[in-house]
Amino acid sequence: SQEELEARVVEVKNKLGSKLFIPGHHYQKDEVIQFADATGDSLKLAQLSAENTEAEFIVFCGVHFMAETADILTNDNQKVILPDMRAGCSMADMADLDQTEKAWEILQEIFGDTILPLTYVNSTAAIKSFVGAHGGASVTSSNAETMVKWAFTQKERILFLPDQHLGRNTAYDLGIGLDEMAVWNPITDKLEYEGDPSKIKVILWKGHCSVHENFTVQNVHDTRSQYPNMTIIVHPECRREVVELSDLAGSTSYIINAIEKAEPGSEWAIGTEMNLVNRLIKNHPDKKIISLNPAMCPCLTMNRIDLPHLVWSLDTLEETKNTIKVAPEIAENAKLALDRMLQNS
Ligand code: CIZ
Ligand code: SF4
């Protein structure tokens, strides 16, 4: 039963004490997040894992790329465990190393050595490693602007992986025109662009988040007509048109802060993952909060981590096959990309 499973988590946590650390991403289910030792976005959780040198077992309640980042930043005697190996990320899967090497080769032919690669932290360790090896850095949704500015101090152009929307929204906010942005299509190996390629400043990898792409212009119009006083706040993984029509856009922590600071009685429509929206609704009964998409948008892979998987991973810590271990040669260059971000943001 649920009670037995919960009691088991408490028992293991009490027994292991500081040898066990459970980071929980904001998009995790309540049944899991209630046991998290820390909650946060992916980068904060990886950093907290790295600071926590006492923890021998880090049971990462989030998705695969986040556990990889935690492994890269922690030391060798810390074991990072993902409670369900199927907890991937469709966005991270949209850029693999072969595709990226191919793209890089063609882009070098077109533009020469004028491009710096940047990758959203929502990417595999292999992609971070590629970016690190080519002088680039990782970015998160909270430091993307700073990092894109930094990138332009290094090179004339950037290749932004793997989320076209975060890349486009960030570049647009920095005054780069949509006509100065091209899209790299990794399925056709072609640059999608009409016009003179010498104008291109930003090359956007054609990837997206399948959760945040579910928020539409129609959702914005429906919300405006039904609730004229509502403030619409969205994550920059949403499409450009949706961000354009919204009142506010920002990272997960930006959204949480905005709701926490909001006046009682204020009204909000939020465009981000469903577990987080539901938690904000529950924690702020004095505010009227809805999801921007009434059908709600769960992240199916985040939801793979549930209470039974958490209990199972706690019961199999010593013999687990769910250890996330990034190969040293990949970790080394991936860490370069992460370190450049941490130094510059
Ligand atoms: O969309 C995600 O998975 C986000 C916002 C991850 C993160 O960086 O916390
Ligand atoms: Fe990946 Fe989107 Fe899920 Fe985040 S919300 S883990 S980007 S699919």
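Here is a short tour of this predicted model, with something to select at each stop.

A quick word on labels before you click: residues count from 1 along each chain as its sequence is written, while chains are lettered from A and ligands numbered from 1 in the order in which they are written. Since this is a prediction, local features need pLDDT of at least 70 and side-chain atom pairs count only at pLDDT 80 or more, whereas totals for chains, interfaces and linings use all residues.

Now show ligand 2. Which residues come nearest to ligand 2? Of the 13 around it, they are C89, M91, C209, V211 and C299. (A residue counts as near a molecule or strand if its C-beta atom, placed from the backbone, lies within 6 Å of it.)

Zoom in on C89, in the loop between β5 and α5 (97-111). Helices here are DSSP runs of H or I with at least four residues, strands are runs of E with at least two, and both are numbered from the N terminus. Is C89 buried or exposed? C89 is buried, with 23 C-beta neighbours inside 10 Å. (Buried means 20 or more other C-beta atoms within 10 Å of a residue's own, exposed means 12 or fewer, and partly exposed is in between, with C-beta atoms placed from the backbone.)

Hop over to C209, in the loop between β11 and α9 (217-226). C209 is buried too, with 25 other C-beta atoms within 10 Å. Beyond its neighbours within four places in sequence, C209 is in contact with M91, D163 and E237; contact means that two C-beta atoms, placed from the backbone, lie within 7 Å.

**Stop two: helix α4**

Colour residues 64-73. Ten of the ten residues of this helix are buried, so α4 is largely enclosed by the rest of the structure. What packs against them? Look for β2 (23-25), α3 (42-51), β4 (57-59), β5 (79-81), α6 (125-133) and α14 (328-344).

**Stop three: strand β11**

Next, pick residues 202-205. V202 and L204 point one way, I203 and W205 point the other way, and all are buried. Strand β8 (residues 157-161) pairs with β11 in the parallel sense over three bridges; pairing takes at least two bridges found by DSSP. Check that I158 stands opposite V202. Strand β9 (residues 181-185) also runs parallel to β11, joined by four bridges, and there W184 stands opposite W205.

**Stop four: two more annotated residues**

P236 and T252 are among the positions in another UniProt "binding site" listing from the unreviewed entry. P236 sits in the loop between β12 (231-234) and α10 (240-245), and T252 is in helix α11 (residues 252-261). Setting aside neighbours within four places in sequence, T252 is in contact with H26, D41, H235, T272 and L276.

**Last stop: the largest core**

Finish with F60 and L118, the residues with the most contacts inside the largest nonpolar core, which has 106 residues. (A nonpolar core is a set of buried Ala, Val, Leu, Ile, Met, Phe, Trp, Tyr and Cys residues joined through C-beta atoms within 7 Å.) Helix α14 gives the most to this core, with seven residues.

Methods: UniProt positions are given in the numbering used here, feature names are shortened, and annotations may be inferred rather than shown by experiment.
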